Amino acid sequence: MMLANGAWNTAVNRPWWWVDLVILGILLLGQIISYWNQPGPSPDKTAAADALRGATTTGLTVVGILLPLSILAIQIRFGSSCAKLPSNALADFLLASLWLFISLTAGLYVLYTVAIRGPREDVVRRRDIGVLYGAQLFFLLVSCFRLLWAIPSVISTMI
């Protein structure tokens with residue numbers, strides 16, 4: 001438990017970690033505003049639900065690849081005889097994993113709702129689906145940003 005608390009303290013005390021929250025806040029606010037005043041129903045609700053399902057599945061696939069790979073990168077570095085990863089890089093990996101998990105959760109909710117409600121209603125026009133679909137992609141984007149932010153720290157230990 002102490003190790004987990006230390007990792008979160010390192011992540012929160014990392015300079016510029018709040019940039020993630022600012023980016024997410026701006027993107028999510030735009031998504032909420034865009035879904036607040038939405039047009040009428042889709043002409044073909046089945047095709048719209050299929051398109052949403054396909055896009056959500058693509059986002060889930062990317063998360064399904066990045067989340068294990070980021071954890072694997074940490075395990076390989078800890079298991080090798082090379083220099084250990086700096087705490088800043090570990091904090092970035094931890095934050096990226098958190099954003100990936102939230103993206104996964106939002107995507108699974110959207111996928112579940114589209115699969116259950118899609119045949120009966122116009123799920124693309126539902127506000128919760130629209131906002132969470134955007135949130136899934138935005139959290140994925142910010143997690144990739146955080147992973148890229150960690151790369152210089154990892155490379156510096158290899159040089």
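Leucine 28 lies in helix H2, where helices are DSSP runs of H or I with at least four residues, numbered from the N terminus. In this predicted model, local features need pLDDT of at least 70 and side-chain atom pairs count only at pLDDT 80 or more, whereas totals for chains, interfaces and linings use all residues. Residues are numbered from 1 along each chain as its sequence is written, and side-chain values use heavy atoms, with hydrogens and water left out.

The C-alpha atom of leucine 28 is separated by 7.3 Å from that of glycine 134, 106 residues away along the chain. Once neighbours within four places in sequence are set aside, leucine 28 is in contact (heavy atoms within 4.5 Å) with Ala135, Phe138 and Phe139.

The buried residues of H2 are Val19, Asp20, Leu24, Leu28, Gln31 and Tyr35, buried meaning under 20% relative accessible area, exposed over 50% and partly exposed in between (1.4 Å probe, protein chains only). Viewed down the axis of H2, these buried residues fall within an arc of 150 degrees, taken from the directions from the helix axis to the C-beta atoms, so they line one face of the helix. The face turned away from the buried side of H2 carries the exposed residues Ile26, Leu29, Ile33 and Trp36.

## Serine 103 in helix H4

Serine 103 lies in helix H4 and counts as buried because its relative accessibility is 0%. Apart from neighbours within four places in sequence, serine 103 is in contact with Val63, Gln136, Phe139 and Leu140.

Note on methods:
Helix = DSSP H or I, 4+ residues; strand = E, 2+ residues; numbered from the N terminus.
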